[in-house]
Amino acid sequence: MLKIDRSQSISNLGASVSGIDISQDIKSEDKEFLKSLWCECSVLIFPNQKLQHKDFERFSLIFGEFGEDPFIESIDNHPNIIEVKKEASEKASHFGGSWHSDWSFQQKPPSATLLHSKIIPPVGGDTLFANTILAYEGLPNSMKKNIDNLKVIHSAALPYADDGFYALEKEKDRSMKIRPSKDAKKTFIHPLVRTHPDSKRKGLFINPVYSLFIDGLEKNESDALLNDLFSHMTQEEYIYRHIWDENMLIIWDNRVVMHQATGGYDGYDRLLHRITIAGEQPS
Ligand code: SIN
């Protein structure tokens, strides 16, 4: 029987789910329950799940179709699984180390991301999640009124362009298969305040990696407003710190959380497998 522990964090993020074996077929009523729990808690954690690639893929498909993962090569024969990886000897910075929501520059960014841990270092390497709904609700009414109808330009240029961070980084020993491209300069415009399609709650759909500027504002005004909002969104009260064990699966609602990988594990390997699930155009 499924057992749920919702006591993960003051930020209302995270429920730990036990009493389930993800390597086996899941009953339809449990699938429906997990989808609604994911919508309610935004981050679900499944400890002690030893998974083959096919198990990981099958479980992911409960939450929707596979998403499209640009700029990173998938693993052999599994076009929807990528490795999030850093080797013990690697000098390159850890992947995903700044606040972001996955692929927010796409026209239809992923609704969900799933990570399955394979090798976890004995120290460091936690993942932080920020609740963008609580952050929106915590803003003064005057600010909500100011931003409610703004739109933001997103692009993958900063990390992934052919003259972006990964293309120009000094350390050349990165083990992750990142493929910078001029396509990363494409832009998409999304509402700054996004309504979750199921819960109908509003959240701040911006992040410092992909949200470049606010449409219609001068650059200095846009930078100032975005920076104020980023500082607001990353306050302790909105954050859940996930501490990994090996064979742990987590899924988060990429529409209403930002996340950030932390470092602090130089000299140790870290390896997780990642799948994204296709989403809808933000509105
Ligand atoms: C990511 O941003 O997808 C990676 C998160 C992590 O490595 O903890």
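1. The largest nonpolar core has 29 residues, and Val-43, Ile-72, Phe-95, Phe-129 and Tyr-160 have the most contacts inside it; such a core is a set of buried Ala, Val, Leu, Ile, Met, Phe, Trp, Tyr and Cys residues joined through side-chain atoms within 4.5 Å, where buried means under 20% relative accessible area and exposed over 50%, with a 1.4 Å probe and protein chains only. Two or more residues come from each of strand E3 (43-46), strand E4 (82-86) and strand E13 (249-253), strands being DSSP runs of E with at least two residues and helices runs of H or I with at least four, numbered from the N terminus.

2. This is a predicted model, in which local features need pLDDT of at least 70 and side-chain atom pairs count only at pLDDT 80 or more, whereas totals for chains, interfaces and linings use all residues. Residues are numbered from 1 along each chain as its sequence is written, and side-chain values use heavy atoms, without hydrogens and water.

3. Leaving aside neighbours within four places in sequence, Val-43 is in contact (heavy atoms within 4.5 Å) with residues including Leu-13, Phe-129, Ile-251 and Val-257.

4. The count of disulfides, as pairs of cysteine sulfur atoms within 2.5 Å, is zero. The sulfur of Cys-41 lies 9.4 Å from the closest cysteine sulfur, in Cys-39, and is therefore too far for a bond; Cys-41 is buried, with a relative accessible area of 6%.

5. In helix H7 (residues 219-233), the buried residues, among them Leu-225, Leu-229 and Phe-230, fall within an arc of 160° seen down the axis, so they line one face, the arc being that of the directions from the helix axis to the C-beta atoms. The face turned away from this buried side carries the exposed residues Asn-220 and Ser-231.
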